[in-house]
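Here are my notes for a first look at this model. They take up charged pairs, then a pocket.

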Amino acid sequence: MTVARLIELWRGGLRESQHSGHAVIADVNGIVEAWGSPGAVIFPRSSCKMLQALPLVESGAADAARLDDRHLALACASHEGAALHVGAVAAWLAQLGLEDADLRCGAHLPGDTAERRRLTCSDTAPCQVHNNCSGKHAGFLTLMRHLKTGPEYVEIDHPVQRAVRRAFEEVTGETAAGWGIDGCSAPNFACTVEGLARAMAGFASPGTGARGQAQRRLYEAMATHPDLVAGEGRACTALIRALRGRAVVKTGAEGVFVAIIPERGLGVALKILDGGTRASEAAITALLVHLGLLEPDDPVVGRYLTGPLTNWRGKVTGELRRAEGFP
């Protein structure tokens with residue numbers, strides 16, 4: 001398997017470390033550009049939440065529950081657990097006649113500083129709505145209610161997950177290479193980097209019918225509500241804002257990032273082999289510049305790729321660079 005060097009860290013004029021992996025730009029007909037091995041099998045992790053939300057929309061469950069774009073953005077989100085996110089998911093559950101205990105994602109302290117401080121200072125334990133995947137799980141619960149099935153919606157043989165797997169395999173164009181349990185307890189299906197990029201290209205060039213309508217709605221929800229997709233200070237929110245409706249991006253754990261680019265009919269997927277978030281954020285930013293979607297001098301490019309690295313005293317210590325040949 002060929003592995004490409006994508007992002008490097010330089011300090012004192014010397015290369016200190018490097019991040020290798022795979023990246024693919026595809027359209028609906030196949031690969032446009034690639035680095036590393038397009039056929040490398042990966043877990044997309046949270047980068048594929050748009051795929052996991054397809055059955056929610058195309059089944060009619062979203063409309064039956066009167067969900068709007070904010071709900072759909074949350075269904076695709078890896079949010080910070082800020083009051084904005086927690087309140088919206090809690091209201092969604094109440095709208096369904098459900099409560100926090102009906103979720104199966106588990107609880108963890110939120111990433112949002114203000115909400116984490118509020119919980120800590122009040123000696124209050126986090127709820128499952130604080131989980132960064134609670135929006136996705138509210139979507140699963142909505143589909144579960146629509147299908148009139150049992151409550152254990154994260155089980156691999158549950159109708160909700162069967163619907164998710166079916167949609168996942170159809171849009172990637174691949175039979176899932178396997179599956180694992182994600183951090184939120186839901187199944188995560190494996191595919192190639194090429195398959196993931198092809199799925200994103202499908203969102204960029206949606207067809208007719210329920211599938212195409214669902215892809216358009218999910219894209220528009222993310223583009224319209226970047227604050228719900230991640231949160232303040234997060235790369236997904238900052239990049240989607242900077243892209244101004246031209247594209248959306250979504251991160252996944254362990255160094256995965258994707259992009260949907262309707263104006264070019266392109267999908268992008270990348271995987272950093274060491275799982276480094278710093279490198280995946282830099283690599284997706286480099287690809288967005290390469291495709292002409294961000295100007296090299298855009299502040300967001302400096303933030304995630306070209307800006308100097310500084311220490312706690314503000315001294316410049318090094319820089320990230322695109323490896324030779326990427327992109």
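1. A definition comes first: helices are DSSP runs of at least four residues, numbered from the N terminus. Keep in mind that this is a predicted model.

2. Arg198 and Glu194 both belong to helix H9, residues 193-204. They sit 4 residues apart, about one turn of the helix. The two form a salt bridge, and their closest N and O atoms are 3.2 Å apart. Glu194 is partly exposed, at 24% relative accessibility.

3. How many salt bridges does a search of the whole structure find? The count is 16. Side chains of opposite charge can pair when their charged atoms come close.

4. Next, a pair between two helices. Glu58 forms a salt bridge with Arg211, with 2.7 Å between the closest N and O atoms. Glu58 is in helix H2 (residues 54-58) and Arg211 is in helix H10 (residues 209-224), so this pair ties together parts 153 residues apart in sequence.

5. Now a pair between loops. Glu263 and Arg246 meet through their side chains in a salt bridge, 2.7 Å from N to O. Glu263 lies in the loop between strand E9 (256-261) and strand E10 (266-272). Arg246 lies in the loop between helix H12 (235-243) and strand E8 (248-252). The pair therefore ties together parts that are 17 residues apart in sequence. Glu263 is partly exposed at 46% relative accessibility. Arg246 is partly exposed as well, with a relative accessible area of 31%.

6. One group goes beyond a pair.

7. Turn to the largest pocket. Its volume is about 330 Å³. Which of its 23 lining residues are the closest to its centre? They are Ser78, Asn132, Arg234, Thr251 and Ala253. The elements that give two or more residues to the lining are H12, E8 and helix H13 (277-290).

8. Last, the make-up of that lining. By class, the largest pocket is lined by 10 polar, 7 nonpolar and 6 charged residues. Helix H12 and strand E8, which contribute to this lining, also flank the loop that holds Arg246.

Notes. Residues numbered from 1 in each chain as written. Predicted model: local features only at pLDDT ≥ 70, side-chain atom pairs only at ≥ 80, totals over all residues. Heavy atoms only, no water. Salt bridge = Lys/Arg side-chain N within 4 Å of Asp/Glu carboxyl O. Buried < 20%, exposed > 50% of the residue type's maximum accessible area, 1.4 Å probe, protein only. 1 Å grid on protein atoms, 1.4 Å probe; cavity = no way out; pocket = protein on both sides within 12 Å on 5 of 7 lines; lining within 4 Å. Points joined across faces, edges and corners; volume = space filled by probe spheres on them. Nonpolar A, V, L, I, M, F, W, Y, C, P; charged D, E, K, R; others polar.
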